[in-house]
Amino acid sequence: MNDTLTLSELGWSQAMPVTATMRAMLFRRFGPPEVLEQATVDTPSPGPGEVLVQVAAVGIGRLLDLTARAGNHPYVRIDPPHILGADHAGTVAALGEGVDSVRVGDRVAVIPPVACGRCSYCAEGREEVCDGLTLIGNHRPGAYAQYCAVPARNVHRVPDGIPAAMAASLALLGAVAANQMTQAGLRPGQWVLVQGASSALGSTTAAYARHLGAKVIATSRSADKRAAMAAGADLVLDTNAPDFVKRVREATGGRGVDIAVDNLGAPDVWDATLDSLARGGAVVTSGAFLGGKVGIDLRRVYSDCHRIIGVRTGNPAAVAELWTQVEKGFRAVVDRTFPIARAADAHRYMEDDNSLGRVALTVRPQDWDA
């Protein structure tokens, strides 16, 4: 159906002549959503190996955007004024020296981790392990702006028919989900438990696992969100329910899940996750949004041959695999979009925990005055 829509209807804009200045949404001090303000700033120039992306849409992340704006980012020191915006999509507007992998006018999605490209991990294709990893939108100016300069190796051409907001929502989260399932060794028919599956990353991981043929158990503490997720999972449960592990075991014929994804890091949820895991199973974590310090019974880990895997972000192989699956029909869960002029409203919406899936900002010319 999307293949019949125009580029404008899909949220994309044709590449326009690059101006010396641009509009950006930035914050000059840490604080609530209201600190976000529009400003006119210099348009960045792409350096060697970089491209200038005319931004069409950008995803909003709790850690990379909300926590960073509030001044509570646990991993990155940010010095205002600062422009947020990590995973985004747009049209290539200009090329830096030596770039021949894309052309001006290409529609691309941008994954935000920038690796050094020189260390042993990068040489192995494990860029997510790179000691020098930085993030677009945190360590460097992001995509809450008309233009964003990014390394050419961070962009991937977007297939025809994909809306800009969908491309931005897939860019990072889809690559993380692909890396999670690759690292855990997912095979069709296996059971996958996704804790916190109403979140942007959780919903993407659950959808990706199901797309690959897994049977998915999704969880949420919210009854309304569990009802909304019912059509996208084989079983939807409340992790806090006293019979949670019993129901997981019943659904899986008594053996437990083959793969569990727990990005929450809350001790009680973590315990329920491990209690739900089959012998030889794997737990994957890509965050600790509700805590971080949990208990592990090592005797159980080695007796049951469990694996605990940390997946920091995506890598080149995961990005390639993601977009291969997009060509085969995979899509992320996009909750809703806001125009860039209403970025503060979008941040408040997420802080109120209203979202089910990814929230994105649209950054077309008309969205600055919406």
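Trainee: Where is Cys 305 placed in this structure?

Mentor: In this predicted model, Cys 305 sits in the loop between α9 (298-303) and β15 (307-310).

Trainee: Is Cys 305 buried or exposed?

Mentor: A residue counts as exposed when its relative accessible area is over 50%, and because Cys 305 has 51% relative accessibility, it counts as exposed. With a relative accessible area of 45%, Asp 353 is partly exposed.

Trainee: Which peptide bond is cis, with omega near 0°?

Mentor: That is the bond from Pro 80 to Pro 81, and Pro 81 belongs to the loop between α1 (62-70) and β4 (88-95).

Trainee: How should I read the two faces of a strand, taking β17 as the case?

Mentor: The general idea is that in a regular strand the side chains alternate between the two faces of the sheet. In β17, Arg 358, Ala 360 and Thr 362 lie on one side, while Val 359 and Leu 361 lie on the other, and all of these are buried, which leaves both faces covered. The strand, made of residues 358-362, thus has five of its five residues buried.

Trainee: Which strands pair with β17, and in what sense?

Mentor: Strand β3 (residues 50-60) pairs with β17 in the antiparallel sense over four bridges, and there Ile 60 stands opposite Val 359. Strand β16 (residues 334-339), by contrast, runs parallel to β17 and is joined to it by five bridges, with Arg 358 as the bridge partner of Val 334.

Trainee: What unit do β16, helix α11 and β17 make?

Mentor: When you follow the chain from β16 through helix α11 (residues 343-351) to β17, you trace a β-α-β unit that is right-handed.

Trainee: How many aromatic pairs are there, and how do I read their geometry?

Mentor: The count comes to three aromatic pairs. Among them is the pair of Tyr 208 and Phe 330, which is edge-to-face, with 5.1 Å centre to centre and 85° between the planes. Tyr 208 lies in helix α5 (residues 200-211) and Phe 330 in the loop between α10 and β16, so this pair ties together parts that are 122 residues apart in sequence. Both Tyr 208 and Phe 330 are buried. Another of the pairs, Phe 338 with Tyr 349, is tilted, at 5.7 Å centre to centre and 55° between the planes. Because Phe 338 lies in strand β16 and Tyr 349 in helix α11, that pair ties together parts eleven residues apart in sequence. Phe 338 counts as buried at 2% relative accessibility, and Tyr 349 is buried too, with a relative accessible area of 17%.

Trainee: What lines the largest cavity?

Mentor: The count gives one cavity of 30 Å³ or more, and the largest cavity has a volume of about 40 Å³. Its lining includes Ala 109, Val 110, Asn 154, His 156 and Trp 323, and the elements that give two or more residues to that lining are β5 (107-110), β9 (155-157) and α10 (316-327). Sorted by class, the lining has seven nonpolar, two polar and no charged residues.

Technical notes
Residues numbered from 1 in each chain as written. Predicted model: local features only at pLDDT ≥ 70, side-chain atom pairs only at ≥ 80, totals over all residues. Heavy atoms only, no water. Buried < 20%, exposed > 50% of the residue type's maximum accessible area, 1.4 Å probe, protein only. Pairing = 2+ DSSP bridges. Right-handed = clockwise from strand over helix to strand, strands pointing away. 1 Å grid on protein atoms, 1.4 Å probe; cavity = no way out; pocket = protein on both sides within 12 Å on 5 of 7 lines; lining within 4 Å. Points joined across faces, edges and corners; volume = space filled by probe spheres on them. Nonpolar A, V, L, I, M, F, W, Y, C, P; charged D, E, K, R; others polar. Phe/Tyr/Trp six-rings, centres within 6.5 Å; stacked < 30°, edge-to-face > 60°.
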